[in-house]
Amino acid sequence: MPTQARAIRESSPLHWAIRTAGVAAIAVFAIYLASTAKPSTLGNITEACTLAIAAVGLNLLFGFNGQISIGHSTFAGLAAFTAGYTVNSWEWNPYVSLAVGLILCFLLGLALGLPALRLKGPYLALVTLAVAFVWPTVAAKFLDQKVKASTLKGTKLEPLTWTGLSVKGKDARLDKAIFLYWAAIVILVISYVIVRNLRKSRIGRALVAVRDNETAAAVMGVNLKLTKTVTFGISAAIAGASGWITAARLATMDETTFTILSSIKYLLALFLGGAATLVGPIVGAFAYFFVDDYLKEHAPNWDWLPGPLSKGPVASFLLGVLVIAFVFVAPFGIVGFVKGQVRKVFVIAPRPLRPGPTTAEQAMPTEEPRPEDQRPEIRGEYT
Amino acid sequence: MGHLLQYILNGLSKGSIYSLIALGLVVIYRGTAHLNFAQGEMALFATFGAWWINDHGAPLWVSIALAAVFAFVGGGVIEFGLIRPAGKKSPFAVIVVTIGLFQAMNSLSGLLFENAGTGLPFGSLFPNKPDDFWRITNKTVWRYQNIGVLVTVLVITGLLFALFQKTKIGLAMRMVANNPDSAKLSGVSTSRILMLSWALSAAIGAVGGALVAGVNTNVNLATMFGVFLLASAAATLGGLDSPLGAIVGGLSLGVVESLVQNYPRDWPASNYIGADTAVAVAFLIILVVLLVKPAGLFGSSRVERV
Amino acid sequence: MNRKRYHLAALAAVGTLVIVSCGSDDDKSSGTTNAASATTAAAAETTTAETGGSTETTTEATTESTGETTESAVETTEGTTESTAGETTVATEAPSEAWTVDTDACSDPEAAEAPIEGTLTIGSAQPLSGTPAVAFSPVKDGFELYLKYANDNNLLEGITLKSDIKDDQYDATQTPGVVDSLIDDGVNIFSGIIGTPNNLAVRDTLNQECIPQLLNLTGSPDWGNDVAGYPWTTGALVPYDIEARIYATTLKGLIGDGGTVGMFTVNSEFGKTYLDAFKEAAADAGLKVVVEQTIEPAEEAPPTNQIGAIAAEKPDAIMAVPLGAQCPTFLKELVNAKAANTDWNPVVFQTNTCASRLLISLLAGDTGNGVYTSTNLVDPVDPANADNPGVKTLVDAYTAAGLKGDLATTAVGWTVGEDTVMILKKAQESGTLSRKSIIEAARNLTFTPSLALPGVQYKMNGEEDGYSFQTLQVEQWDQPSNLFKNIGTPDSSSES
């Protein structure tokens, strides 16, 4: 008989201690990195964060609400192009362009959510795929007509003055990287908190109910239309935030910056980390990014691969195989796997709604019998 | 617009290719209710295999037939070894496995066949010399190659139809698609039928890939990507569980694409309707159709028990 | 996916051509005089008073910090005085027209002017993995081969050359990350970054940090038309618009005044640059563009509709700018269209990015026979060139290193390496080897690469001539002999 896992009450002091320790560790690590890492490392982490933000948004829609979307790259692209165009051609403040981008993505998400109501599983997947396929055409037309150039410039986000980071001079490159790094982390944290609060609330339960059995959820009073379309909108807005950071990070963008392949990356990152978990998309995004980076850097140098093989797409082959292997080894992603292992040590016991009975007398309420004239009338014979 | 007939014929040629790949998608969806994201890349791998066999001396049609046979076996093995176990793990597992396969098979083709990135020459099953065409009118010409592809697609569809409607195996496939549990109760080996769906689809894909490579006169790593996307759009339009839908969807998508590509420059809105937006316009039309018929033109909607 | 691959193949082909065209015979003489000019610029100021053009350049360089204001005015006057007075003043006086870069706008002026000693590391971002790698890895091989040759023969006194070429998978969203990590690793200069969007993605950063971005392996006109705005960036290939103009001129000679042309271009910036430049040049030459058709960059299928539309107009010639594998598909489709329209036999011009043997012969079969294209490098595969000293050096080094990649593409990398080393050499001769002196050397240099066709030179001159190579030799592919035949002499009409 395996030893019983220790049960820790939810919201008990020990639980809080574990949570704060985790958050503190991450915060300390983030600060450590900001003060010691090179600009290119910070840039890599920023890029991993943009993947994480998009995965968090996708998780809200797919993991918690069951609506598959292979088209989230469109929202990222829309927000990125909005930012790039308004900042460069209309001289807008980049943060204003973020707000506008979020609103536009939310509206587009709502607009896509409406027809999505009528489409089931694979049809929805293919329609979102088609949307992602069409985005480069739209982007190319836009570049051709409105920008009259082949690339759109990025927002060239500069550190805000109150941060004390330099805009010009020797440290400008490092400081800009630090600023973007923090901007990405802040947006990631905000997205995580939004999704977490949604999930833990009544709305979250409605989302999951819709995912598990739509008809039953409708019967129980969930407004399907509202739930599904608004979720699409919020998910799209979060993906849009990811696009805004990309526009801040890159100096140029064109119609190939956001393609179906980006959408597939979001999906894979989500799956690798664990869909329908809160931390899963973030863990998965970082894992995907750094494994991909490692393979790209080192696979060409692997001498044990025969000749022409090493020049071929080794990294992408291994990534594909890795994803397939993951389905069997860790079908609920890294977070699912880790949770399974952790459960052997301790379990978070959910807080009961009210204290339960502890003795037999408490379980059986004793009352005065009702007076004669208030007892129910006995009609007929009982045999 | 004297060339309208020519544009329509060109569209039918392209569309017949979309139909064939869409047919593969439909066979799998009908049989197993899964979407095979790797359909195009599996077909690509089989096409490279056909190239290799052809490069080593076998005549083209033999190479393609052999590749189809290997694809048949491979498809069954993939279903049994990867897809079915994945399906038992978690609901998203299958689509993720197919996405992983999409990436892995494409890269595998790149690894095994040198110069796959730039392209390997691929011949055509049909006479394809410059003067191999049928002159219909002064301005309209239909190449034997394109006629051949269309006929092949129709023949394969006909064979599939005969399989589904007239044979015991076809009946079993329809039973499993309709109600797997009662099919099992009736003694049908669902395992074999599921494998058969994937095997059949892979073989169809192999032939489709070879036809595409013949039309393009080369095969490279990017050959099937666009075709797959358009084929999946065609399957969506026609209904994911309807072979007839795949054909109608594919052909009409091809014709619409061709017509939009040749939209006259002096007509209104030619800024937005033209060669560069052909696919976008086609997809827009599909979206509109789906709004009216969410399961596609010929697809069937399932009634769910709560 | 597809798009990148094709674009790469295209670039490889172009690169080979460009590199070939760069060499000239008298590079030693022009090289040394230029070096002399650069060092004695200050002294020459007073003596250049007579030659108005030269004076203007020097005063400009010294008084204007950014040198932006009277650029255009100076250029036009300079143009005439330079050619006549340039050589003579150079010989007698210190160079007065040497362009200099202002380091005040740099984020770290000290680092830009700091002397480089011992080892000089050259960084680059190229597609090394994934599908484009096969087409482009010989470029890296050729480049590193030349660096080894330079190190072995001590071409740069006291400096050992190192290369650090990292993979960006031809993805312009990855290039900034790659370049950032190379800057962090301490590379001194960049050379031979592949891809127009890739170079555009890092141009701002490199100009801000004042790190030379030399010899971009793309033919975009962007690398030479804004020297004041982006002084630290230079290109290696003949710009596409010049190529288009040269074709229009040659075409005029073939089909006469009033001849009709059909255009078939890929719908990307690459194709659009060609289209606009060719239309302009055709109008000047008296040719009429009667039909324009485009193909999407990712399109794999043969362009049946497009060629059909062109055939309907029956133009005397076709100018085709497809991408990568679209080149042979276009040629085959054209042959089919000619069979359906038996009274039509147009002259066919193709962009030189389609001119690799793979695209014009192997994949196209016989259909490439008679197609016109261009080059500026000697073909190392042609047995007639076996005795060319540049070819011999390349082939010896190639066989000694046991390389197996395409020789013509390796020659591209080799020539970029050679160009880079010549620039470094000139910078060394100025007294200090620093990033500032390197970019100044790059922009004040004339020399002939060893694999260049006669008449082709690397020639840059500050703001007046922002392009390294502008001469192309028109050639025609002859399928039976498996060789390109030169048509006329190299066209230097666009040399500035």
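Reader: What share of the contacts in chain A with a separation of 6 or more is between residues 24 or more positions apart?

Author: The model is predicted, so local features need pLDDT of at least 70 and side-chain atom pairs pLDDT 80 or more, whereas totals for chains, interfaces and linings use all residues. Residues are numbered from 1 along each chain as its sequence is written, and chains are lettered from A and ligands numbered from 1 in the order in which they are written. Two residues are in contact if their C-beta atoms, placed from the backbone, lie within 7 Å. For chain A, the share is 76%.

Reader: How are helices H6 and H9 of chain A oriented to each other?

Author: Helices are DSSP runs of H or I with at least four residues, numbered from the N terminus. The axes (lines fitted to C-alpha atoms over the stretch in contact, with angles from 0 to 180 degrees between N-to-C directions) of H6(A), residues 172–200, and H9(A), residues 224–249, come within 11 Å and cross at roughly 180°. Because angles over 145 degrees count as such, H6(A) and H9(A) are roughly antiparallel.

Reader: Which residues of H9(A) make the contact with H6(A)?

Author: On H6(A), the contact is made by Leu180(A), Ala183(A), Ala184(A), Ile187(A) and Ser191(A). The H9(A) side consists of Ile238(A), Ala241(A), Ile245(A), Ala248(A) and Arg249(A).

Reader: Which helices of chain C give two or more residues to the side that touches chain A?

Author: In this interface, 25 residues of chain C are in contact with 27 residues of chain A. The helices are H7 (133–152), H8 (175–184) and H9 (196–208) of chain C.

Notes:
Parallel < 35°, antiparallel > 145°, perpendicular 65-115°, else oblique.
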